[in-house]
Amino acid sequence: MDAHTRWKRRGWPSRPGSLALLLLAALAHSRAAEPADLLKVLDFHNLPDGISKTTGFCTSRRSSKGADVAYHVTKDAQLSAPTKQLFPVSPFPEDFSILTTVKAKKGGQSFLISIYNEQGIQQVGVELGRSPVFLYEDHMEKPGPENYPLFRGINLSDGKWHRVAFSVHKKNVTLILDCKKKVTKFLDRSDHPIIDVNGIIVFGTRILDEEVFEVSVQERQNGRDVRKASRC
């Protein structure tokens, strides 16, 4: 994995394309902040190029009619948006969580989400695969690539639906899988880390990667606790 991924501004993807159902929930210290919905920012409901609607985690729910709604992202998708669209008036929070209900292509290994600063350095990233990686690099370039948290023994590219949460608090990042398995890793970041909101968020790949991660992501269950949403 490269320590830095740099790009020129004119090299950004040209349109805020499609992003399979991903919910990016940025939680401030009070943990009462409104979640930032990346699907809404990327206009998934209008099905841009490379995005199609599909059935999600539950094919039938007792509490509602019909199946869960999800979106399938193909290699034709171009998925990006300015980070400020998610945080228009607030800085990127020090403590936050990334929540998603996702079904990755079996055997795949790629970044689900990447956040770049204005200089083109990847500061936050979630790489799915047989051993997920949480990439984080603050304004002091901490931690280095050799210290990115690696979650061995967890396979998120098995072709099945999973509810996944990466929760960052102080100097730890916790991966919660299917509301059951919980693994915490040390995150050697600065005491007051800064993540730049003047860059862009890219879904399904990194700026210089050639392939887009093929994945299905489910729509957020409105106002529903993630533990309750995990039950059909």
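Which residues touch the most other members of the largest nonpolar core? I found F134 and F166 there, in a core of 39 residues. For my own use: a nonpolar core is a set of buried Ala, Val, Leu, Ile, Met, Phe, Trp, Tyr and Cys residues joined through side-chain atoms within 4.5 Å. Buried means under 20% relative accessible area, exposed over 50%, and partly exposed in between, with a 1.4 Å probe and protein chains only.

Before going on, I noted that this is a predicted model, where local features need pLDDT of at least 70 and side-chain atom pairs count only at pLDDT 80 or more, while totals for chains, interfaces and linings use all residues. Residues are numbered from 1 along each chain as its sequence is written, and side-chain values use heavy atoms, with hydrogens and water left out.

**Entry: around F166**

I listed what F166 is in contact with (heavy atoms within 4.5 Å), skipping neighbours within four places in sequence. The list reads F96, S97, I98, V126, P132, F134, F151, V173, T174 and L175. In soluble globular proteins, nonpolar side chains tend to be buried together.

**Entry: the sheet**

Next I traced an open sheet of five strands, ordered β4-β12-β6-β7-β8 with antiparallel pairing. Strands here are DSSP runs (E, at least two residues), numbered from the N terminus, and two of them pair if DSSP finds at least two bridges between them. Which strands stand at the edges? They are β4 (80-82) and β8 (133-136), and each has a single partner strand, so one side of each is left without a neighbour in the sheet. From one strand to the next, the twist averages 10 degrees, taken between N-to-C directions of lines fitted to C-alpha atoms, on a scale from 0 to 180 degrees.

I then followed β8 back to β7 (residues 122-128): the two pair in the antiparallel sense over four bridges. A hairpin of four residues joins them, and E127 stands opposite V133 in β8. Both faces of β8 are covered, with V133 and L135 buried on one side and F134 and Y136 buried on the other.

On to β6 (residues 110-116), which pairs with β12 (residues 200-203), also antiparallel, over four bridges. I113 has F203 in β12 as its bridge partner.

**Entry: salt bridges**

How many salt bridges does the structure hold? I counted three, taking a side-chain nitrogen of Lys or Arg within 4 Å of a carboxyl oxygen of Asp or Glu.

- R189 and D95 meet at 2.9 Å, N to O. R189 sits in the loop between β11 and β12, D95 in the loop between β4 and β5 (96-104), 94 residues apart. R189 is buried at 2% relative accessibility, and D95 is buried at 8%.
- D188 and K142 meet at 3.9 Å, N to O. D188 is partly exposed at 27%, as is K142 at 30%.
- D191 and K171 meet at 3.1 Å, N to O. D191 is exposed at 59%, whereas K171 is partly exposed at 27%.

**Entry: S190**

Last, I checked S190, in the loop between β11 (181-186) and β12. Is S190 buried or exposed? At 11% relative accessibility, S190 counts as buried. Its contacts beyond four places in sequence are D138, H139, M140, K142 and K171. S190 and M140 are 50 residues apart in sequence, yet 7.0 Å apart in space, C-alpha to C-alpha.
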